Amino acid sequence: MAASDRRAELLEAAIRVMTRDGVAKATTRAIVNEAGMTLGAFHYCFDSRAQLLERVTETLTERYVAEVRGLFAPHRDIRDSVLDSLHAFWKGFEANPGEHQISYELTQYALRNPGFENIARGQYEIFLAAFASLLELAADNAGIEWTQPVPILARYVHSVIDGLNMTWLVDRNSDHSQAVLHLLADHLLQYARPSAA
């Protein structure tokens, strides 16, 4: 098996173990057992468990963002574009709650363990950049401009989505979550105006 294939299989094995047992129990030995490989194969593919955790975080985050980009279709009406974007994020979240729970666990693990801070930072940078680009794309297609800086709006949207995700993981109330997405869209539209161009 090529090294790239081994690495991919170890990543998927790590995600399965973390989804089932949590990040703390995803030891190197548990991951190689899940993948049906040896510890030697693991060390051939990754320098350390830290590197694996970083790659798992990147993989899950990029997978989620790519799925959202694939689902998002901008409209001429800015409200439709914003709601479409928010619903795309939400659809991806509800489809894979276990993977998103891993993301929260990895974030907390990274913040509590010196040397892992870049894992959490990188994860949130990807999310913030995704929200910013979707806000810009929606504005361009609708012929509007935002009256607040896009990075600030992206942080606001992400903060609401992040809290909504965590709340849903606890109570699984999809109806209330969808209602919050509509409130968020309505609030965002207060910061939209026709483009000067």
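1. Contacts of Ile119. Setting aside neighbours within four places in sequence, Ile119 touches Ala50, Leu53, Glu54, Thr57 and Ala110 in this predicted model. Ile119 belongs to helix H7, residues 117-142. Its relative accessibility is 10%, and because buried means under 20%, Ile119 counts as buried.

2. Thr61. This residue is part of helix H4. Its relative accessibility is 1%, so Thr61 is classed as buried. Beyond the neighbours within four places in sequence, Thr61 has contacts with Gln123, Ile126 and Phe127.

3. Ser103. Helix H6 holds Ser103. With a relative accessible area of 11%, Ser103 is buried. Once neighbours within four places in sequence are left out, Ser103 contacts Leu60 and Gln123. Gln123 is also among the contacts of Thr61.

4. Helix H4. The 23 residues of H4 should span 33 Å at 1.5 Å a residue, and the end C-alpha atoms are 33 Å apart, so expectation and model agree. Buried residues in H4 are Leu52, Leu53, Val56, Thr57, Thr59, Leu60, Thr61, Tyr64, Val65 and Val68. Of these, Leu53 and Thr57 are among the residues in contact with Ile119, and Leu60 is in contact with Ser103.

5. Helix H5. The same check can be applied to H5, residues 78-95: its 18 residues should span 26 Å at 1.5 Å a residue, and the distance between the end C-alpha atoms is 26 Å, which agrees. At the N-terminal end, H5 is capped by Asp77, with a side-chain oxygen 3.1 Å from the backbone nitrogen of Arg79.

6. Burial and packing of H5. The buried set in H5 consists of Ile78, Ser81, Val82, Leu83, Ser85, Leu86, Ala88, Phe89, Trp90, Gly92 and Phe93. These buried residues pack against helices H4 (49-71), H6 (97-112), H7, H8 (150-171) and H9 (174-189), and against strand E1 (144-146). As background to the spacing in such a list, an α-helix has 3.6 residues a turn, so residues three or four places apart point the same way.

7. H6 against H8. Two packed helices are described by the angle between their axes and the distance between the axes. For H6 and H8 the angle is about 115 degrees and the axes are 11 Å apart. Their crossing is left-handed. H6 contributes Pro97, Gln101 and Tyr104 to the contact, while H8 contributes Asp162, Asn165, Met166, Trp168 and Leu169. By type, the residues of the H6 contact with H8 comprise five nonpolar, two polar and one charged.

8. Overall layout. The protein has nine helices and two strands. Read from the N terminus, the order of elements is α-α-α-α-α-α-α-β-α-α-β. The C-alpha trace spans about 60 × 35 × 30 Å along its principal axes.

9. Chain totals. The protein has 197 residues, of which 41% count as buried. Among contacts with a separation of 6 or more, 69% join residues 24 or more positions apart.

Conventions:
Residues are numbered from 1 along each chain as its sequence is written. This is a predicted model: local features need pLDDT of at least 70, side-chain atom pairs count only at pLDDT 80 or more; totals for chains, interfaces and linings use all residues. Side-chain values use heavy atoms; hydrogens and water are left out. Helices (H or I, at least four residues) and strands (E, at least two) are DSSP runs, numbered from the N terminus. Buried means under 20% relative accessible area, exposed over 50%, partly exposed in between (1.4 Å probe, protein chains only). Contact means heavy atoms within 4.5 Å. The expected span of a helix is 1.5 Å times one less than its number of residues. A polar contact is a pair of N or O atoms within 3.5 Å; within protein, one must be able to donate a hydrogen and the other to accept it, and residues adjacent in sequence count only if both atoms are side-chain atoms. Axes are lines fitted to C-alpha atoms, for helices over the stretch in contact, and angles run from 0 to 180 degrees between N-to-C directions. A crossing is left-handed if the near helix is turned anticlockwise from the far one by less than a right angle, and right-handed if clockwise. Ala, Val, Leu, Ile, Met, Phe, Trp, Tyr, Cys and Pro count as nonpolar, Asp, Glu, Lys and Arg as charged, and the others, Gly among them, as polar.
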